[in-house]
Amino acid sequence: MVRLQVAVDTPQHAGLGGTLDYLSEQPLSAGTLVRVPLGRRDLLGIVWSGDAGECAEAALKPLAAVLAELPPLDAAWRELVAFASGYYQRSIGELALSVLPPELHKLDGAQIALRLRKLHKALDEAPEAPPEHPPAPSAEQAEVLARLEAAPASTPVLLHGVTGSGKTEVYLHAAARALEAGRQALVLVPEINLTPQLEARFAARFAGRRIVSLHSGLTPAQRLRSWLAAHLGLADLVLGTRLAVFTPMPRLGLIVVDEEHDPSYKQQEGARYSARDLAVYRARLQGARVLLGSATPSLESWQRANEGRYLRLALPSRIGGAQLPRVRLVDMNQQPKGQGAGTALSPPLVDAIRQRVARGEQSLVFLNRRGYAPVLHCADCGWKSGCPHCSAWRVFHKLDRTLRCHHCGFTERVPRACPDCGNLDIAPIGRGTERLEEQLAQLLAGADGRPPRIARIDADSTRLKGSLEAQLGAVHAGDVDVLVGTQMVTKGHDFRRISLVAAVNPDSALFSSDFRAPERLFALLMQAGGRAGRSAEQAQGAEMWVQTWHPQHALYAALRQHDFAAFAEGQLKERESAGLPPFAHLAMLRADAKQVEAAQAFLDAAAALAAGLPGAQAVSVYAPVPLAVARVAGVERMQMLVESPSRPALQRFLAAWVPALHELRRGGGHKVLRWAIDVDPLSI
Ligand code: ADP
Ligand code: ZN
Ligand code: ZN
């Protein structure tokens, strides 16, 4: 008998490394998938070290089965998982097993063999449509491609290109190169909604090649199929969201991270990893090229390029001489006040939209808040539509007459009268997309004798399967005059008829306590502006309108010039003097409990533990504070920030602290529901 260390996902062993020992009749290579008994269950596991010697220990259980139908997960994959496990402070077992397709956990060897036969059959039957001819690269693209070619494969590349500058075309070229060299390419996008569009472009270019997608919108069976095709080296191209960064790809030669600044690349639950950062690490492991693309790179990547650690390549202009939209700031201090609906949309903006409608052009108006109004209010007694379970207001949804909590989901019919004093005159305060849609319909009515055609795209209007596609289809077909939406509509979409984009109320991010809020706002506005003037006909008069109470703000000055570099340098100076990322490194310890005192006590105890650890001098542990929305669904949430100017010092500290925290929790006496560590947290 041979003793093997097997990675298994066992919450009760969290913090203990995440592998358990089992007996096997013969030695197995590391990476082999197995099934193991644990308690009364039978779990999927991965042989982690396969080289352990003979063993006579009777106490150990034998493996339940070896899934020999599948090739072992290779060394590069295991090293990626081991790195992520150490860096993000989760056990190997939890991380390794959570990034495998869920379906794999349920199948035995015979079922896997059946899936493999089906996969081969499907791949054999795949049609060959002839590949599309790539367009001749523009001068800027040619320059970027030449420099890409010349750069050592080990240097990460940051492709900074304005919206519509032809970045995707560069990805396609780089992918073609990788495929010609017999290697696989992995292309990551931030949103599921963007995968079909990108898949269509890659499929047209690489007809005859095997392309699979991987994201959480697939059925479990589809996801397993894509994963198997990648793992067996049968798929040439994998397109996916953040979870795809862990796809085993034995011939990996290229990783593209599109919109690399996008917060969606950070997993916010369980193992809180950054797919963008792991992509960079993985590329180095597998000798692959990594290409990070964005119109508004993250300040982390921008600073690495400043330091020469990344190669920065630029596409400063739009394809075909199209211009970026002219940015117009509307100073809301100068607008007439107290006209009810008129104050949400300034008269000059309404005029501009009206003109577009008359000319048959489309406008996009965005507001990052869904529902009709964020709160209902009784002017007589001061009642507000609070959520009984959360420290948040419930949002008024007029269409279905509900008050809904966007944090816990608690929903009730709108009361006819104030629940506290019976006043019949309760009124909405503020506005969301529903109200904006209603106001636009009123303001634009009669522009040319017909009612304006307005579409709204947000999480509410797209809940039904297929409704997003249907609404986008209507926009593309020209059946819509004005598109109202949340930031959902600002990303990626290649609208061809939009000549005006308006941000109705973006100011709040300027004064947020989150130091990344301005960076996110700038990216959002640039991205939104990028939806205007994408076709040559619309490009001339394309405009981006921003309604603001702070028109002199440096962020808006940079936006007017489309000057990301100026914005980034300004932000980086502030970050450096304040000792914030990318000049410092952060981790956030979060504790949830029924009572604030319990969460506070756990974090206080954690801080006391920290003080006694080796390397504690190199980190600062800040006082615990409640989250911005402190209570959700009856749970109190607190967090504590840990900071260090040195990433290795922070990592050394966490490596000692996190096991101590597991002990602290296991020791009892602390009434926390859960706790978690978030390394490189995105929202503070
Ligand atoms: P980005 O990804 O930077 O937003 P895309 O790669 O989507 O830009 O390019 C914008 C548009 O320009 C697309 O419709 C694309 O097909 C077209 N395009 C890109 N490169 C070229 C080129 N070299 N010649 C002609 N059209 C191009
Ligand atoms: Zn009242
Ligand atoms: Zn709630």
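Q: What is the relative accessible area of Cys381?
A: Cys381 has 39%, so it counts as partly exposed; the cut-offs are under 20% for buried and over 50% for exposed, with partly exposed in between (1.4 Å probe, protein chains only). This is a predicted model, where local features need pLDDT of at least 70 and side-chain atom pairs pLDDT 80 or more, while totals for chains, interfaces and linings use all residues. Residues are numbered from 1 along each chain as its sequence is written, chains are lettered from A and ligands numbered from 1 in the order written, and side-chain values use heavy atoms, without hydrogens and water.

Q: And Cys418, buried or exposed?
A: Cys418 is buried, at 3%.

Q: Which residues coordinate the zinc ion (ligand 2)?
A: The SG atoms of Cys378, Cys381, Cys418 and Cys421, at 2.3 Å. Donors are N, O and S atoms within 2.8 Å of the metal (3.2 Å for Na, K and Ca); water is not among the atoms, so sites may look incomplete.

Q: What's the arrangement?
A: Tetrahedral, because the 4 donor atoms subtend angles of 105 to 113°; four donors qualify if all angles lie between 85 and 135 degrees.

Q: What spacing do the donors follow along the chain?
A: C-x2-C-x36-C-x2-C.

Q: Switching to ligand 1: which residues come nearest?
A: Gln141, Gly164, Lys167, Thr168 and Arg201, of the 18 around ligand 1, counting residues with a heavy atom within 4 Å.

Q: How far is Thr168 from an oxygen atom there?
A: A polar side-chain atom of Thr168 lies 2.7 Å from an oxygen atom of ligand 1. For Lys167, a backbone N or O atom is 2.9 Å from a ligand 1 oxygen.

Terms used. Four donors count as tetrahedral if all angles lie between 85 and 135 degrees; four count as square planar and six as octahedral if opposite donors are over 155 degrees apart and all others between 65 and 115; anything else is irregular. A polar contact is a pair of N or O atoms within 3.5 Å; within protein, one must be able to donate a hydrogen and the other to accept it, and residues adjacent in sequence count only if both atoms are side-chain atoms.
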